[in-house]
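Subject: Structure handover

Hello,

Here is the structure you will be working with. Please open it first and then read the notes below.

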Amino acid sequence: MPVYIRGFGLTEVGEHWNKNLEDLAVEACLKAIERANIDPKEIDKIYIANALSQYLNRKGHLGALIADAIGLAGKPAIHVEAASASGGVAVHEAFTDIKGGIKRNVLVCGVEKMSDILPAYIYTARALMEDWQHLTAIGASFEAIEGMLLRLYLDRYNAPHENIMNAAVISHKNALNADHAQFKRPLTIESIKKSPYVADPLHLFEVTTTGDGAAAIVLSSESGDVEITASSIATDKFRFFERDDLLWLESVYLAAQDAYRQAKVSHADINFLELHDVSTIMSVLEIEALGLVEKGQGHVLFGNMIGTLDSERPINTFGGLKARGDPIGATGVYQIVEIAMQLSGEAGRNQLDNVKTGLALSVGGIGSSSVVHILKKR
Amino acid sequence: MTYEMVPEYWRNAKIYLHPTGTMCKKCGARYFPPRKICPKCGSRDLEEYPLPEKGKVLSWTVVRYPPDMFSDFAPYVLGLIELDDGTRIVAQIADVSIDEVKVGMRVRMTIRRAFEEGSSGIIRYIYKFVPDFEGK
């Protein structure tokens with residue numbers, strides 16, 4: 001069965017002091033259901049993507065919790081957790097249900113509520129995406145791993161750090177007019193350099209920060225303007241330090257190659273991308289593993305400011321994780337909603353012209369899980 | 001907040017206090033952390049061995065925004081280290097200033113205090129590395 005995006009909705013990413021996790025999820029779900037023009041009773045299954053609620057909000061069992069909150073108690077509902085790839089994995093599960101003909105209409109909602117937590121605990125929470133015993137308990141934050149990878153990259157490829165910083169500059173530029181973005185303001189190389197180090201040589205303004213938000217889609221075999229033509233997950237060795245090439249994201253490569261095969265396209269056919277730009281260095285490693293550029297050349301692409309909305313192939317068309325914001329378990333669903341907005345002509349001031357095919361990459365941790373989706377305008 | 005209760009810390013002592021690797025008896029591949037199945041050849045015949053205590057720094061960073069239990073210690077140097085048998089490990093590098101750390105520098109393992117589990121919990125110790133001035 002074909003898999004269409006029948007409806008989508010999202011909340012602005014930011015500090016929602018007057019809303020809790022359920023409030024955010026309900027808001028996004030109701031928007032998606034309304035846009036899908038569907039009787040909620042026709043929804044056959046619900047997936048809730050969330051990475052950190054058990055630690056951040058002392059809430060678990062989100063499948064039943066959110067299903068009930070949107071008035072659909074009784075329906076099958078499942079909480080999906082795969083660190084920062086939770087959103088992508090949840091969309092994949094819904095895709096599989098419909099593709100296989102098991103369900104007709106499936107609701108996917110990604111949600112994360114982060115802003116109530118003090119920053120020190122956010123760094124602990126992010127570290128939960130990696131291995132406790134061999135990294136977190138030793139003193140390694142998530143950002144520390146990224147910092148070590150950045151140093152390796154700079155040394156091995158003799159790359160100017162400014163080229164890599166541009167990945168964040170591009171994302172911020174693309175968010176200037178994005179209504180739902182957390183940071184609708186420009187970022188310059190100078191301001192990145194002035195920001196403190198989070199984990200040398202990685203600066204604080206090269207990584208994502210805390211944000212609350214929820215995004216939802218209704219997938220359907222029956223109707224929709226946009227088709228999901230490929231959905232693929234791959235994994236890698238869980239501890240980054242065990243990988244043969246420390247600067248190669250094998251899970252991204254495997255998921256992308258499988259997705260290109262499913263959709264019968266090559267990377268050259270992709271008109272625009274939503275990357276998992278959790279940090280500048282991860283953006284660089286991702287475009288290399290996706291096959292957009294040769295290994296070691298990712299920094300050149302960003303150095304040339306490729307990726308802005310007026311580029312031949314825009315990247316992060318509403319600002320990506322860096323500027324739209326990174327509510328961790330929800331970001332993978334935000335990406336799918338944003339591609340659907342572009343392909344159905346509802347991207348407002350960020351609308352791209354003549355785009356037919358978009359790709360979303362959702363990455364869990366330092367690439368232990370990766371999910372690639374390819375979406376096409378019908 | 002307590003992170004590891006005594007039984008878990010006791011179980012993990014093999015990691016924190018006596019870092020242990022495994023070697024595949026069939027294909028010779030070495031692993032840290034220890035594995036039960038060799039991903040290279042599929043063998044389940046692996047034996048544990050104590051990791052070498054010396055190695056060199058492949059990359060390093062300064063943790064300035066640490067997980068909360070290390071808040072009192074930041075900033076501290078963290079290194080990605082290749083041990084002399086080719087396995088890799090991530091650890092704090094102590095007794096060194098930020099200006100002195102270099103990629104390629106020789107380091108050796110030591111056991112140091114990590115953090116305390118609250119005011120009444122255990123005092124945790126973990127492996128850290130220090131500069132090895134004696135070379136290989």
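Helix α7 of chain A bends by about 25° at A:Ala167; the bend is the angle between axes fitted to the seven residues ending there and the seven starting there. Helices (H or I, at least four residues) and strands (E, at least two) are DSSP runs, numbered from the N terminus. The model is predicted: local features need pLDDT of at least 70, side-chain atom pairs count only at pLDDT 80 or more, and totals for chains, interfaces and linings use all residues. Residues are numbered from 1 along each chain as its sequence is written, while chains are lettered from A and ligands numbered from 1 in the order in which they are written.

α7(A) covers residues 161-175, and its end C-alpha atoms are 23 Å apart, which agrees with the 21 Å that its 15 residues should span (1.5 Å times one less than the number of residues). Of these 15 residues, 14 are buried, so the helix is largely enclosed by the rest of the structure. Buried means that 20 or more other C-beta atoms lie within 10 Å of a residue's own; exposed means 12 or fewer, partly exposed in between, with C-beta atoms placed from the backbone.

In chain B, B:Ala114 lies in strand β7 (residues 106-116). B:Ala114 counts as buried because it has 20 C-beta neighbours inside 10 Å. Leaving aside neighbours within four places in sequence, B:Ala114 is in contact (C-beta atoms, placed from the backbone, within 7 Å) with B:Arg124, B:Tyr125 and B:Ile126. The C-alpha atoms of B:Ala114 and B:Arg44 are separated by 34 Å.

Regards

Definitions and conventions: Two residues are in contact if their C-beta atoms, placed from the backbone, lie within 7 Å.
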